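Here's a quick tour of a protein model, with an eye on its rings and its helix packing. Have a look at the sequence and the fold first.

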Amino acid sequence: MAPNTLSPFSSLFLLSIIFLLATTTIINNNNNNNNNFLVHAKQFSNLKTLTISGFDSGATMATQLQFAHSSKVQGIAIFSGLPYYCIKNNLTRSEKCFKQANTIPVEELLDTIQRLFDYYLIDNPNFISLHKIYLQHGSKDRTITREALEKSKELYEALGVKSEYLKTNFDIPSGHALPSIDYTVTATDKENKEDNKNNNCGEPLRKPYIQNCGVDVVGEALKFLITSLNIKFINETIKDLSADKLKKNLVKIDQRKFKSEYHLMNDFGYLYIPTECQKDETKCNHLHVAFHGCDQLGEEFMVYSGYNRIAELNNIVVFYPMSKPQDIYNPYGCWDFFGTENGDDFRSELYATRIGPQMTTVTLMIEDIGYFMDMKSITERHATEVLIGLALLIIGLIYKFTAPLFKSAPKPKQE
């Protein structure tokens with residue numbers, strides 16, 4: 001199959017958008033520097049590794065972060081998510097990506113990835129081959145079919161991920177929900193107890209889209225991803241580590257200083273800080289970012305998903321960024337995986353790249369927590385290269401359209 005190529009008009013359009021975004025970024029950065037935007041103490045000084053995960057739209061957002069910053073990520077767990085940049089910014093592709101992903105040639109995805117890298121919009125995709133990949137899909141999930149996860153697996157294999165770095169779990173009989181080992185046991189308030197009656201594995205879906213399947217999927221995924229730690233497991237009999245008791249270690253963090261209000265993100269995200277790391281922050285050297293799914297905007301995802309128990313036992317800092325709904329385009333607060341986020345920025349295909357609005361906010365917050373993402377260098381280098389490239393393109397277009405006019409101009413008459 002012939003690779004997709006950008007027409008001259010499309011190239012000009014894309015570069016123009018990049019130029020406008022880069023210019024906006026430069027202005028915002030200058031304003032932010034004047035306001036001491038990033039001049040404050042980090043919460044953690046010893047973070048050395050980063051893994052990411054998510055469910056539903058959060059899984060797709062995690063994938064976008066993985067490709068955008070592949071040089072900074074060590075692994076990813078995808079719980080019922082889509083392949084990278086599958087929908088693009090075209091909602092007519094939803095049915096294909098959600099339910100017929102097997103019909104999408106992997107070459108199409110690879111070509112898109114290469115083009116984004118050529119424009120310096122994502123990191124070198126060669127880094128992906130070094131990542132640990134965990135893919136999970138419930139056998140009763142009818143929202144996103146297994147084909148979507150199989151296509152992601154095919155894509156990772158095409159990018160050079162070795163079999164020992166790639167693990168799948170497609171046998172749990174859950175619906176479109178995050179499987180849990182003891183969701184019924186840990187939920188203590190009356191409202192959640194009522195919900196739990198219908199949140200057993202594979203039963204009809206309802207909030208908070210966590211189902212008690214008797215399997216610690218999050219723990220299994222983190223154990224596979226984080227090779228630098230000897231991950232310890234727990235079970236529901238350890239009451240001192242119940243989800244409700246660990247809730248005291250969840251703290252709200254302000255997302256507004258990173259322009260979250262303009263990018264369909266909540267004013268606050270959450271950070272889980274293990275007890276030992278509250279006493280000595282240097283004991284935490286790993287950061288995990290967990291993205292909620294659509295319609296998971298309450299605290300249930302942070303409290304009952306299972307991340308906090310593993311984090312508490314293994315001194316892992318967990319960052320839970322939070323999106324928010326938009327009345328018309330995004331009523332369930334999904335992460336932007338199809339170009340719906342516009343805020344005060346330019347609506348385009350750039351949402352899945354390093355300069356995507358939500359991506360930029362999340363990445364700056366990761367860096368603010370204490371894990372180095374090199375955002376200053378990325379911003380400056382990207383802006384410089386885009387401006388040079390756009391200038392050369394404009395010069396070339398001017399020459400192309402004006403040269404024939406000079407050649408065909410009539411010569412003055414000789415008297």
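## The overall picture

Two residues are in contact when heavy atoms of theirs lie within 4.5 Å. Among the contacts in this protein with a separation of 6 or more, 76% are between residues 24 or more positions apart. The protein has 14 helices and 10 strands; these are DSSP runs numbered from the N terminus, with helices being H or I of at least four residues and strands being E of at least two.

Of the 415 residues, 53% are buried. Buried means under 20% relative accessible area, exposed means over 50%, and partly exposed is in between (1.4 Å probe, protein chains only).

## How to read the numbers

Bear in mind that this is a predicted model: local features need pLDDT of at least 70 and side-chain atom pairs 80 or more, while totals for chains, interfaces and linings use all residues. Residues are numbered from 1 along each chain as its sequence is written, and side-chain values use heavy atoms, leaving out hydrogens and water.

## Rings meeting rings

There are 12 aromatic pairs here. Rings of Phe, Tyr and Trp (its six-membered ring) pair if their centres lie within 6.5 Å; planes under 30 degrees apart are stacked, over 60 edge-to-face, and the rest tilted. Take Phe-98 and Phe-337: with centres 6.2 Å apart and planes at 50°, the pair is tilted. Phe-98 is in helix α3 (residues 94–99) and Phe-337 in the loop between β10 (316–320) and α13 (357–369), so to speak a link between distant parts of the chain, 239 residues apart. Phe-98 counts as buried at 18% relative accessibility, and Phe-337 is buried at 9%.

Then there's Phe-301 with Tyr-320, an edge-to-face pair because the planes are at 85°, with the centres 6.1 Å apart. Phe-301 belongs to helix α11 (residues 300–304) and Tyr-320 to strand β10, so this pair ties together parts 19 residues apart in sequence. Both Phe-301 and Tyr-320 are buried. Elsewhere, Phe-67, Tyr-84, Tyr-85, Tyr-156 and Tyr-351 form one aromatic cluster.

## Lysines over rings

A charge sits over a ring if NZ of Lys or CZ of Arg is within 6 Å of the ring centre and within 35 degrees of the ring normal. Lys-132 lies over the face of Phe-224, 4.6 Å from the ring centre.

## Two helices crossing

The axes of α4 (residues 106–118) and α5 (residues 146–158) come within 10 Å and cross at roughly 60°. Axes are lines fitted to C-alpha atoms, for helices over the stretch in contact, with angles running from 0 to 180 degrees between N-to-C directions. The contact involves Val-106, Leu-109, Leu-110 and Ile-113 of α4, and Lys-151, Glu-154, Leu-155 and Ala-158 of α5.
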